[in-house]
Amino acid sequence: MTAPLLAIRDLRTWFHTRQGVVKAVDGVDLDVMPGECLGVVGESGSGKSVTFLSVLGLVKPPGRVEAGRVIFGGRDLAKLPPDELRALRGRDIAITLQDALTALNPALRVEEQIVETILAHDRDLPPGRGRSAAARAKALEMLRLVGIPDAERRMHDYPHQFSGGMRQRVMITIALACRPKLLIADEPTTALDVTVQAQVLALIARMRRALGMSVVLISHNLGVVARYCDRIALMYAGQVVETGPTRAVIAAPYHPYTQGLLRSMPLLSDPDRPIQPIDGQVPDLIDLEPECRFLPRCPRAAEICRQPVPLLPMGDARLAAVDPAADSNEGARISARLAAVDPAADPNEGARISARLAAVDPAADPNEGARISARLARCVRAAA
Amino acid sequence: MTPVALVERLLQLVPVLLGIAAVVFFMMALTPGDPVELMLGDALATPEQKESLRRDMGLDRPAPERFALFLKNAATGEFGMSFHHRRPVGQVILERVPATVELTLASMLIALVLGIGLGVLAAVKRDSWIDRVATVTSLVGVSMPGFWFGILLILLFAVALGVLPVSGRIGYAGEVPFVTRFLLVDTLIAGRVDSFLDALRHLLLPAVTLGLAMAAFLMRVTRASMLEALAQDYVTFAEAKGISRARVLFRHALKNALIPTVTVAAIETGTLLGGNMIVETVFGWPGLGRLVVEGIFTRNYPLVQACVLLYAVTYVLLNFCADLLYAALNPRVRL
């Protein structure tokens, strides 16, 4: 199995406000694989953006990364000196923000805003006088690549002279100017007209293939993520509640929050299906009890949910933070029950899992048990 | 800026100046005190002589008639004779303008460098001891009256320490022939480095007195606008590009933060001109401000009127400059 490009482990980013400590991100684990598109879905305030601003070291006071590791290219970004982290930003990991109108500097020409990124990172530029001309040529090339018409002339314009969709393209140009390995697209379509949204998403997908990069697509729109992402991670109140391959998660979600989200979306295939909103609201992130954060809104709440609920392997490369006893899903129950066992200590565990899976689902892969065992072993190691 | 907008702006000057001319004229006319009594008040002059002088100066005519005459003459650039100097007012004023401009520019320089520098520093080091010291000091600077601060500076540097001169623009030994009447320029034209340094030493205290008050004000404006800029998305995005911290602060944040600061600075220069009257009097600085104060005391009507009109024109032009600067710095504004 290939190593993840970016591995976030137990990340905690808290905001120290007058009212108390807001635990905006509280124990997030996420992997981004090379070349994949990971969709991160959650409501406003679920910690999606703060998680990835923390990755880049861009959280501003009163926010602070309290704990956790951010492994990228074999280095822990959380422990990197500021200069080395800065050298990596824009070159290896780039980000686009929600609204290009506010993210682009209103007082600087578009050309300067692209070229400065290239000048900061590109080592292939010739030294001396030709340097800025070469950077400018690269900027122009990238502008054309993202599809800005008449790029040569428009480079000299200011951001406010572009339309919303074109501004988003300009921001994407800046983010991709140094051909990063990972693009974090924070709500790339929220500020846009519906007609332009699809264009921008298609552009990001096209650039991902062209540059061979990984993409993290942050969105509150499950539909957008379902369409464009290989894997999906759902966040709720500063924690990841479920991750897995997009199709599998959407076809059969484990976590009641995911289930609720899907039930609250209209379906084109079944327009008459009633839309069920999730009752209640997101908890205040100050002074949280060490219990499942979805508990007050959960239709399947049980006594055991009053304890912290960790992410448990659910098989099929999936993880979910659900209490197995409260879950009616047989597969989840098996997997979760096994989580308590150290699989490395029992060489027969894999075979038993296979047998149990076979009992649940006749079509189950006989090797599934071995894979789960391996995953569990990693989980146990990580927990240790 | 289009030529049409420029002409529109200049036309706006006309009603402003008319209004100011009327207010100044009638306030001076209503002020108790008779210039003739002040000039010939030593009882040696006969009533006939006084009457003759009054007629010479046109003061025997009713005020509205004098105002009409004043407007007519002013339109042709003729402001009459200064009662006290017995020379054309325009000439007297022009001699004094360079001293005031020199002082104002020096104060501006101090204010801009200190105000913007400290404002940026305080914003970047928000809530640090630097920020607190700068903020408290600027509050003191804003609230301290200029004449009092000037006297304190004189007492400390000129009287107690004796390192700087008490008043004037230059010592006798350093005097050079006037060319531009800007002493810092004239001393260099004369090739007198010693005179130049002497002029600089004379300039220091009044310029600091005027400049610090404005620096304090500019510092507060800069700090606030810089803090606002630093909280913007474009600063986060600039940081995400991995460009240098200096570039984020000075190219991205400061360029936007300077828009309000520079605008305020241009308008505040008008206030500096007002402050000049007090500071020039305290430091015996032979500029326009002191000329006006003397003119008011001697009821030198033509001189005061012309000076106030000059102030008004300058003030309006400075506002105009502020608009131009605002548009130049902010690409979203098109005049």
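Guide: In this predicted model, 22 residues of chain B are in contact (heavy atoms within 4.5 Å) with 26 residues of chain A. Local features need pLDDT of at least 70 and side-chain atom pairs count only at pLDDT 80 or more, while totals for chains, interfaces and linings use all residues. Residues are numbered from 1 along each chain as its sequence is written, chains are lettered from A and ligands numbered from 1 in the order in which they are written, and side-chain values use heavy atoms, with hydrogens and water left out.

Chain B and chain A bury about 2200 Å² between them, and 57% of this lies on carbon and sulfur atoms; buried area is the accessible area (1.4 Å probe) that two parts lose on being put together, summed over both. Of the area that chain B buries against chain A, 29% is supplied by Phe237(B), Lys241(B) and Pro331(B), more than by any other three residues.

Arg247(B) forms a salt bridge with Glu116(A), and their closest N and O atoms are 2.6 Å apart. On the side of chain B that touches chain A, the elements giving two or more residues are α10 (233–240) and α11 (245–282) of chain B; helices are DSSP runs (H or I, at least four residues), numbered from the N terminus. The largest share of that side, seven residues, comes from α10(B).

Conventions:
Salt bridge = Lys/Arg side-chain N within 4 Å of Asp/Glu carboxyl O.
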